Amino acid sequence: MEFIQEANISCPYCGEPISILLDGSVEEQEYIEDCQVCCKPMVLHVRVTDDGLCVVEARDENDA
């Protein structure tokens, strides 16, 4: 199992595709990371599946 995994997502603000690194050593986590293109803060929710893959959802900081 790879603890550090790369994922491609789209910024919820500008829509640009970006590549991020995810830490698969934590089963579920949520944190804020700035978009590499528009610099706005994205909320990233990361969870690790039973087979060790990271699944990430990116949302705008103002979404509930």
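How many residues lie between β3 and β4 in their hairpin, and which residue in the turn has a positive phi?

**Figure 1. The hairpin of β3 and β4 in the predicted model.** Between the two strands of this hairpin lie 6 residues. The residue in the turn with a positive phi is Cys39, at about 70 degrees. Strands β3 and β4 run antiparallel and are joined by 7 bridges. One of the paired positions is Tyr31, whose bridge partner in β4 is Leu44.

**Figure 2. The open sheet formed by β3, β4 and β5.** The sheet holds 3 strands in the order β3-β4-β5, with antiparallel pairing. Its edge strands are β3, residues 28-34, and β5, residues 54-60, each of which pairs on one side only. From one strand to the next, the twist averages 25 degrees. Strand β4 covers residues 41-48 and is joined to β5 by 7 bridges, the two strands running antiparallel.

**Figure 3. The salt bridge between Glu30 and Arg59.** The structure holds 1 salt bridge. It is formed by the side chains of Glu30 and Arg59, with an N to O distance of 3.3 Å. Glu30 belongs to strand β3 and Arg59 to strand β5, so the pair ties together parts that lie 29 residues apart in sequence. Side chains of opposite charge can pair when their charged atoms come close. Glu30 is partly exposed, with a relative accessible area of 48%. Arg59 is also partly exposed, its relative accessible area being 26%. Within the sheet, Arg59 in β5 stands opposite Val43.

Figure 4. Neighbours within four places in sequence are left aside in the following list of contacts. Leu44 is in contact with Ile9, Ile20, Gln29, Glu30, Tyr31, Glu33, Val56, Glu57 and Ala58. Among these residues, Tyr31 is the bridge partner of Leu44, and Glu30 takes part in the salt bridge with Arg59. Glu61 lies 17 residues from Leu44 along the chain, and the C-alpha atoms of the two residues are separated by 9.3 Å.

**Figure 5. The protein as a whole, as context for the close-up views.** The protein has 5 strands and 0 helices, and its elements run β-β-β-β-β from the N terminus on. The C-alpha trace spans about 30 × 25 × 10 Å along its principal axes. A compact globule of 64 residues would have a radius of gyration near 11 Å, and the 12 Å of the protein agrees with this value. Of the 64 residues, 30% are buried. Among contacts between residues at least 6 apart in sequence, 30% join residues at least 24 apart. The protein exposes about 4,300 Å², of which carbon and sulfur atoms supply 46%.

Technical notes: Residues are numbered from 1 along each chain as its sequence is written. This is a predicted model: local features need pLDDT of at least 70, side-chain atom pairs count only at pLDDT 80 or more; totals for chains, interfaces and linings use all residues. Side-chain values use heavy atoms; hydrogens and water are left out. Two strands pair if DSSP finds at least two bridges between them. Helices (H or I, at least four residues) and strands (E, at least two) are DSSP runs, numbered from the N terminus. Axes are lines fitted to C-alpha atoms, for helices over the stretch in contact, and angles run from 0 to 180 degrees between N-to-C directions. A salt bridge is a side-chain nitrogen of Lys or Arg within 4 Å of a carboxyl oxygen of Asp or Glu. Buried means under 20% relative accessible area, exposed over 50%, partly exposed in between (1.4 Å probe, protein chains only). The radius of gyration is taken over C-alpha atoms; the globule rule is 2.2 Å times the number of residues to the power 0.38. Contact means heavy atoms within 4.5 Å. Accessible areas come from the Shrake-Rupley method with a 1.4 Å probe; for residues, only the protein chains shown count as cover.
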